[in-house]
Amino acid sequence: MYEFAVSADSKAELYRDLHAALDALTDGEHDAIANMANAAALIAQYLPDLNWSGFYRMVAGELVVGPFLGKPACIRIAVGDGVCGAAAKTLETQLVEDVHAFPGHIACDAASRSELVVPIVHEGRLIGVLDLDSPSAARFDAQDAAGCEALMALLAPRIAG
């Protein structure tokens, strides 16, 4: 149904094209779950070397698993626990080269070696986090963090409810 021209020539082009594709997918759609589901699928399709791509939603003061692609995941994560909880607590992107070296890492998939978690904030309120896992150590870099932050800035008002 949807086909996007996403370039892999450079990370800058990849994230520019992903931004345009996510904009097209979510423009005019107000259902948060639908928008998160399409965002998770888009990211999983075009970002290489991922074994989990998805969302944790802030519900009643804790992170609750939302739409994702990958193995079954931890359902609830307390703010401050693990990489996702750290992102929720600090409201800062967490770029973890080796999850086994991260204090308090929650291992939902033992194959994960690196992780990128981006908090999703709208009008000063934490809505949730984008969580990306890779089976490769040091898979994510500053360009990935910046690219995913831009994607979540676009998505935030479309999932804020």
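Below is a set of questions and answers about the terms used for this predicted model.

Q: How do you know which residue is meant, and what makes a feature of this predicted model count?
A: Residues are numbered from 1 along each chain as its sequence is written, and side-chain values use heavy atoms, with hydrogens and water left out. In this predicted model, local features need pLDDT of at least 70 and side-chain atom pairs count only at pLDDT 80 or more, while totals for chains, interfaces and linings use all residues.

Q: What is the average pLDDT of the protein, and which elements have the lowest and highest means?
A: pLDDT is the predictor's confidence in each residue, from 0 to 100. The protein averages 93, and 96% of the residues score at least 70. Where pLDDT is low, the predicted coordinates should not be read in detail.

Q: What makes a stretch a helix or a strand here?
A: Both are DSSP runs, numbered from the N terminus: helices are H or I with at least four residues, strands are E with at least two. Helix α2, for instance, covers residues 32-46, and strand β5 covers residues 114-122.

Q: Why are β1 and β2 called paired?
A: Two strands pair if DSSP finds at least two bridges between them. β1 and β2 have 7 bridges in the antiparallel sense, so they count as paired. Met58 stands opposite Leu63 in β2. The hairpin of these two strands has 2 residues between them, and Ala60 takes a positive phi near 50 degrees there.

Q: What is the strand order of the open sheet, and what makes a strand an edge strand?
A: The 6 strands run β3-β2-β1-β6-β5-β4 with antiparallel pairing. β3 (76-78) and β4 (94-96) are the edge strands, as each pairs on one side only. Neighbouring strands are turned by 20 degrees against each other on average, direction ignored.

Q: Which strands does α2 lie across, and which does α3 lie across?
A: α2 lies across β1 (52-59), β2 (62-70) and β6 (125-134), at about 155 degrees to β1. Helix α3 (residues 82-90) lies across β1, β2, β3, β4, β5 and β6, at about 30 degrees to β5. Angles run from 0 to 180 degrees between N-to-C directions, with axes fitted to C-alpha atoms, for helices over the stretch in contact.

Q: Why is α2 called roughly antiparallel to α4?
A: Angles under 35 degrees count as roughly parallel, over 145 as roughly antiparallel, 65 to 115 as roughly perpendicular and the rest as oblique. The axes of α2 and α4 (residues 142-159) come within 9 Å and cross at roughly 160 degrees. That makes α2 roughly antiparallel to α4. The contact (heavy atoms within 4.5 Å) involves residues including Met36 and Ile43 of α2 and Leu151 and Leu155 of α4.

Q: Why does α1 count as roughly antiparallel to α2?
A: Their axes are 10 Å apart and the packing angle is about 150 degrees. That makes α1 roughly antiparallel to α2. Among the contact residues are Leu14 and Leu18 of α1 and Leu42 and Tyr46 of α2.

Q: And why are α1 and α4 called roughly parallel?
A: α1 and α4 pack at about 10 degrees, with axes 10 Å apart. They are therefore roughly parallel to each other. Their contact takes in Tyr15 and His19 of α1 and Gly147 and Cys148 of α4, among others.
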